[in-house]
Amino acid sequence: MNWTLYVRQKSAVLFSLDTWLPTELPEYATGIMYTLGSLTASSFVVLVISGILMAANGPQWWTISPIGFYLRGIHFWAVQSFFFFMVLHLLRVFFSGAWRGGRERTWLLGTLALLVAIPTAFTGYLMRGDFYSQWNAVQAKDGLNALGFAWFNTLNAGQMYGLHVVVFPVILASIIAVHLAWVRIKGVVPPYPAPDELASEEVSHVSSTD
Amino acid sequence: MYHPRTDVTHRYRYVPTDFVKHLLTTTAIIAILTMVLSAVFREPVRPALKIDAYATAHPRAFMTVALGDLDGTGKIANYGPPYNNGTGYVQDFVQRWVGVIHPVFPKQDFILTPLHEASHLDPALNGPLKLFDSASATQQAQWESAMGLALSNARVVSGHVLLPPGAYGPVAPLLQGLLKLGQSGLMTGALDRSPADYQFDNQNSLLFLQGKPLHDAATKLELKGNQWGIIHEEDAPYPGPWWMTIVTAIYQIPFIANASAADALALGFGMLLFIILMVAPWIPGINRLPRFLGVHRIIWAEYYRQHQSSSDSSKDAG
């Protein structure tokens, strides 16, 4: 198969309505436990919308305008909500052993999203323009310098602004998008078999080989 | 463990769902929740520490910070890469290898250059500047040392630092001039001036404040590393970045907290733990752990209950 055909076929699945907006789900993948990932993604949507509105008005705006300050508050609480639901989702996924059945890459990408979310949020904390921004900027520099990440200059507000509003969100959104697509393409991991289910599997397996 | 017969989703019953409605509902929930939280609780904010406010409230401490930058004993003056060629805060070879990519030389950048700029407004600074610039390094060091002694015995009277007599030469009028510049509110601009004149970078003003000024303010707010400061919000009781709890905990381990490369060790160790989490599916033992922990029985309680009752009823029927 040539690579253009490969890209076409993969894209057809990746961008299909069935991948993104299913009309049916496995019986075990319903209820509040299966809403945590959606609540995380929805928090990200609120972050992006409030972030775009703030970025459009410039970085001084949210420190001096009441509307800007209110939006900054929405952005702040959406970050809390994003991490809150993401961690609950991670716990649900871990305790489900959700990497079973060839879903290891989906797990890997989910944890990578958490890893990228940390500097995304951190650069946002540096954009508040208050004492917390100053303190975090000077405190973080030593560790970053020691690990060889001096290029990531927490004291340079211009660089941090660019990373926070474009670079990190684009990387994070891409990771989340592929993660979601893989969840849908592979299907949600089924429950661990109940003991009697395993026993009957065993019996049928033995009888079929007889 | 992968069970090829039971891990295949098509073996399960599917139920109709409206995913458009589902996503719109979760997004509406978060949007309303965050709008209400922002309206009711606002958000944490504590005004930034400004150089003029600090110079006015703590004139002697301001001059002590400035003297450290001038005589090379301050943290940044002796920091090392990426700021300069010092050795005081070099934690490992990687830091040295990256090199000086954000050059900062506090004696010149924080003290002498701003004073030369200020001398256009205050010509009385010209004489001391000329004297200091033309003196030998030894002479400069003697003046600075005498100034350090004088500062430790100085009195503050209504925003002015009254120095006892000493052989501090031009250093006293220079630091008094810098104090005036600091109190005027013009010093932040003098420190952050970029060659292009457009200001996007506040590195130098933050590095000027990063020692005692910011640390004293942070200590009062319990924001320092040994106070679990990374995960504290400045304005209690707002939630802070609690997702950094594990890294913050690593900083509290005495072996790491007391190490000269504490930051490199804490962040490196935190990264190692995260990598273990990322590759958990491939680690024998950990990848089978969830099954034995049994939490999945709560997650799929409804599914198991329904299947238990259906298998019971089929047995009964049989």
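Residues are numbered from 1 along each chain as its sequence is written, while chains are lettered from A and ligands numbered from 1 in the order in which they are written. Since the model is predicted, local features need pLDDT of at least 70 and side-chain atom pairs count only at pLDDT 80 or more, whereas totals for chains, interfaces and linings use all residues.

**Confidence in chain A**

A word on confidence first: pLDDT is the predictor's confidence in each residue, from 0 to 100. Chain A has a mean pLDDT of 91, with 92% of its residues at 70 or more. Residues 203-210 of chain A stay under 50, and the model gives them zero contacts beyond four places in sequence.

**Where the chains meet**

Two residues are in contact if their C-beta atoms, placed from the backbone, lie within 7 Å. On that basis, 77 residues of chain A touch 82 residues of chain B. Elements that each supply at least two residues to chain A's side include β1 (24-26), α3 (36-57), α5 (66-95) and α8 (157-186). The largest share, 13 residues, comes from α5(A). Helices (H or I, at least four residues) and strands (E, at least two) are DSSP runs, numbered from the N terminus.

By class, this side of chain A has 43 nonpolar, 23 polar and 11 charged residues. Here Ala, Val, Leu, Ile, Met, Phe, Trp, Tyr, Cys and Pro count as nonpolar, Asp, Glu, Lys and Arg as charged, and the others, Gly among them, as polar.

The two chains also share strand pairing (at least two DSSP bridges between two strands). β1(A) pairs with β1 (residues 14-16) of chain B in the antiparallel sense over three bridges, and Glu24(A) has Pro16(B) as its bridge partner.

**Chain B and its helix α14**

Chain B is divided into domain 1 (9-42 + 280-317), domain 2 (51-215) and domain 3 (221-278), with bounds from an automatic or database domain assignment. The C-alpha centres of domains 2 and 3 of chain B lie 31 Å apart.

Helix α14 (residues 262-278) of chain B has 17 residues and reaches 24 Å from its first C-alpha to its last, close to the expected 24 Å; that expectation is 1.5 Å times one less than the number of residues. Its buried residues are Ala262(B), Asp263(B), Ala264(B), Leu265(B), Ala266(B) and Leu267(B). Their cover includes α7 of chain A, together with α12 (245-251) and α13 (254-257) of chain B.

**Local details in chain B**

A residue is buried if 20 or more other C-beta atoms, placed from the backbone, lie within 10 Å of its own, exposed if 12 or fewer, and partly exposed in between.

Ser158(B) sits in the loop between β2 (155-157) and β3 of chain B. Trp228(B) belongs to the loop between α11 (212-220) and α12 of chain B.

Pro81(B) and Pro82(B) are joined by a cis peptide bond, with omega about 10°. Pro82(B) is in the loop between α3 (59-71) and α4 (93-98) of chain B.

Finally, Asp192(B) is found in helix α9 (residues 187-192) of chain B. Asp192(B) counts as partly exposed because 17 other C-beta atoms lie within 10 Å.
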